Amino acid sequence: MQDEISVCACRPPPLAGPGEQQLLGCSLGCLNRLSSVLCDPKLCPCGELCSNRSLHLLRPPRTEVILTENRGWGVRAVEPVPKVRHSGAFAA
Ligand SMILES: [Zn+2]
Ligand SMILES: [Zn+2]
């Protein structure tokens, strides 16, 4: 049993600017990843940006699983619905 929590020596990636893709920490060079150990995001230097975590802990991508009528289960992208107000049209 391996119940010891290892903390790797990764450096957190720089935060992405607007429009840039956020890099994730703990990629291929991560000591934990190399020894097949998942990071504890509370202890990992990369924290929320750690990519060496079990998938169910990761924030789900903007997709959702749906049951389609004739193709069984599927995944579709969920886009935020902008609240567009029709301004002016009904203004007195
Ligand atoms: Zn790491
Ligand atoms: Zn990590």
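This is a predicted model: local features need pLDDT of at least 70, side-chain atom pairs count only at pLDDT 80 or more; totals for chains, interfaces and linings use all residues.

Colleague: In what pattern do they come along the sequence?

Modeller: Reading along the sequence, you get α-β-β.

Colleague: How much of the protein chain counts as buried?

Modeller: 12% of its 92 residues.

Colleague: And contacts? What share comes from residues 24 or more positions apart?

Modeller: That share is 35%, taken over contacts with a separation of 6 or more.

Colleague: Which residues make up the largest nonpolar core?

Modeller: Eight residues: Cys-8, Cys-10, Cys-26, Cys-30, Cys-39, Cys-44, Cys-46 and Cys-50. As a general point, nonpolar side chains tend to be buried together in soluble globular proteins.

Colleague: Take Cys-50. What does Cys-50 touch, leaving out residues up to four places away in sequence?

Modeller: Cys-50 touches Leu-24, Gly-25, Cys-26, Cys-39, Pro-41 and Cys-44. Among these, Cys-26, Cys-39 and Cys-44 also belong to the largest nonpolar core.

Colleague: Let's look at Cys-26, then. Where does Cys-26 lie?

Modeller: In the segment before α1.

Colleague: Is Cys-26 buried or exposed?

Modeller: Buried, because Cys-26 has 26 C-beta neighbours inside 10 Å. The cut-off for buried is 20 or more. The backbone is worth a look too: phi of Cys-26 is positive, near 55 degrees, and the residue is not a glycine.

Colleague: Which other residue has a positive phi of about 55 degrees although it is not a glycine?

Modeller: Ser-36. Ser-36 sits in the loop between α1 and β1, and β1 covers 63-67.

Colleague: Why does Ser-36 count as exposed?

Modeller: Because Ser-36 has 8 C-beta neighbours inside 10 Å, and 12 or fewer means exposed.

Colleague: Switching to the helix. Where is Asn-32?

Modeller: Asn-32 is in helix α1, which spans residues 31-34.

Colleague: Buried or exposed, that Asn-32?

Modeller: Buried. Asn-32 has 21 C-beta neighbours inside 10 Å, so it passes the cut-off of 20.

Colleague: What does Asn-32 touch, again not counting residues up to four places away?

Modeller: Ser-6, Cys-8, Cys-26, Val-37, Leu-38, Cys-39 and Asn-52. Of those, Cys-8, Cys-26 and Cys-39 are members of the largest nonpolar core.

Colleague: How many residues apart in sequence are Asn-32 and Cys-8?

Modeller: They are 24 residues apart in sequence. In space, C-alpha to C-alpha, Asn-32 and Cys-8 are 5.8 Å apart.

Notes
Residues are numbered from 1 along each chain as its sequence is written. Chains are lettered from A and ligands numbered from 1 in the order in which they are written. Helices (H or I, at least four residues) and strands (E, at least two) are DSSP runs, numbered from the N terminus. Two residues are in contact if their C-beta atoms, placed from the backbone, lie within 7 Å. A nonpolar core is a set of buried Ala, Val, Leu, Ile, Met, Phe, Trp, Tyr and Cys residues joined through C-beta atoms within 7 Å.
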